[in-house]
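Okay, thanks for coming, everyone. I've got one structure to walk you through today, so let me put it up on the screen.

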Amino acid sequence: MTVREVAVEAYREALPVLGLSAVGGLFAGVVLGGMDAELEQVAGLLVLVPALLATRGNVYGSLGARLGSALHQGLIDPRFSTGDYRVNAAVSAALANGVLVSGLAAVMTVALLAVLGRPSAPLATLVGIALIAGLVSGLLLTVAVVSVVFVGYRRGLNPDTLAGPVVTTTGDVVGIATLLLATRLVLALGGG
């Protein structure tokens with residue numbers, strides 16, 4: 001293949017996904033814009049948002065990269081199977097890391113706000129929100145990443161080209177939506 005053919009193929013694969021990524025990012029922004037009441041009730045929640053969204057991209061982007069590399073190397077088959085220990089290990093590590101980092105981000109948010117002398121919701125409230133959002137979004141992102149990587153690979157697409165934009169978009173949309181739901185749940189249970 002020539003350089004031009006490689007570039008055309010890369011754009012052919014990436015542009016539709018990047019377009020969807022832009023729309024998804026705007027949707028996530030609209031949802032965040034509608035969280036005024038929750039952001040006012042839970043001091044420090046807005047500080048936590050970028051950290052939670054960044055961890056989704058980092059953790060589940062790594063999952064997509066691991067699966068893509070394993071597919072390219074022939075270490076895993078592009079099929080859904082609960083018996084594939086390599087896929088199970090990658091998924092388990094991503095879920096554990098996602099939930100752990102979410103909790104850590106909440107603890108760091110409270111600590112940072114305390115150092116800056118800014119108001120913060122109780123530690124239990126922010127940690128509860130972060131852990132619930134981290135677990136639910138992690139489960140949804142795992143399904144999205146594994147599906148896109150495997151289906152794309154079976155259709156002859158490069159999973160490395162697909163995984164990044166899909167994780168970014170899905171991570172933003174799912175991350176904000178689960179953060180909203182987790183916040184409402186924790187507030188309903190008496191947190192705040």
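**Helix pairs, a salt bridge and a patch**

Let's start with a pair of helices. Helix α3, residues 45-72, and helix α4 have axes that come within 9 Å, and they cross at roughly 160°. That angle is over 145, so α3 and α4 count as roughly antiparallel to each other. As for the hand of the α3 and α4 crossing, it's right-handed.

Before I go on, please keep in mind that this is a predicted model.

Let me step back to the whole thing for a second. How many helices and strands does the protein have? Six helices and zero strands. The C-alpha atoms fill a box of roughly 60 × 35 × 30 Å, taken along the principal axes. There are 192 residues in the protein, and 41% of them count as buried.

Helix α5, residues 123-154, packs with α6 at an angle of about 150°, and their axes are 8 Å apart. Again we're over 145, which means α5 and α6 are roughly antiparallel to each other. And α5 passes α6 in a right-handed crossing.

Now, on to α4 itself. If you want a sense of distance, take Phe 27: Ser 102 and Phe 27 are 75 residues apart in sequence, and 22 Å apart in space, going C-alpha to C-alpha.

The other one is Val 115, also in helix α4. Val 115 has 70% relative accessibility, so that one counts as exposed. Val 115 makes a nonpolar surface patch together with Val 47, Leu 112 and Leu 116, about 390 Å² of it.

Right, charges next. The structure holds one salt bridge. Here the side chains of Glu 38 and Arg 184 meet, at 2.7 Å, N to O. Glu 38 sits in helix α2, residues 36-41, and Arg 184 sits in helix α6, residues 159-188, so this pair ties together parts that are 146 residues apart in sequence. How covered are the two partners? Glu 38 has 7% relative accessibility, so Glu 38 counts as buried. Arg 184 is at 45%, so Arg 184 counts as partly exposed.

Last stop, the loop between α1, which is 3-33, and α2: that's where you find Gly 34. Gly 34 has a relative accessible area of 53%, and with the cut-off for exposed at over 50%, that's why Gly 34 counts as exposed. How far apart are Gly 34 and Leu 180, in sequence and in space? They're 146 residues apart in sequence, and 9.4 Å apart in space, C-alpha to C-alpha.

That's my tour. I'm happy to go back to any of it.

Conventions:
Residues numbered from 1 in each chain as written. Predicted model: local features only at pLDDT ≥ 70, side-chain atom pairs only at ≥ 80, totals over all residues. Heavy atoms only, no water. Patch = residues over 30% accessible without salt bridge, like charges linked within 9 Å, V, L, I, M, F, W, Y side chains within 5 Å. Areas by Shrake-Rupley, 256 points an atom, 1.4 Å probe, with all protein chains shown as cover. Salt bridge = Lys/Arg side-chain N within 4 Å of Asp/Glu carboxyl O. Helix = DSSP H or I, 4+ residues; strand = E, 2+ residues; numbered from the N terminus. Buried < 20%, exposed > 50% of the residue type's maximum accessible area, 1.4 Å probe, protein only. Axes fitted to C-alpha atoms, helices over the stretch in contact; angles between N-to-C directions. Parallel < 35°, antiparallel > 145°, perpendicular 65-115°, else oblique. Left-handed = near helix turned anticlockwise from the far one by under 90°.
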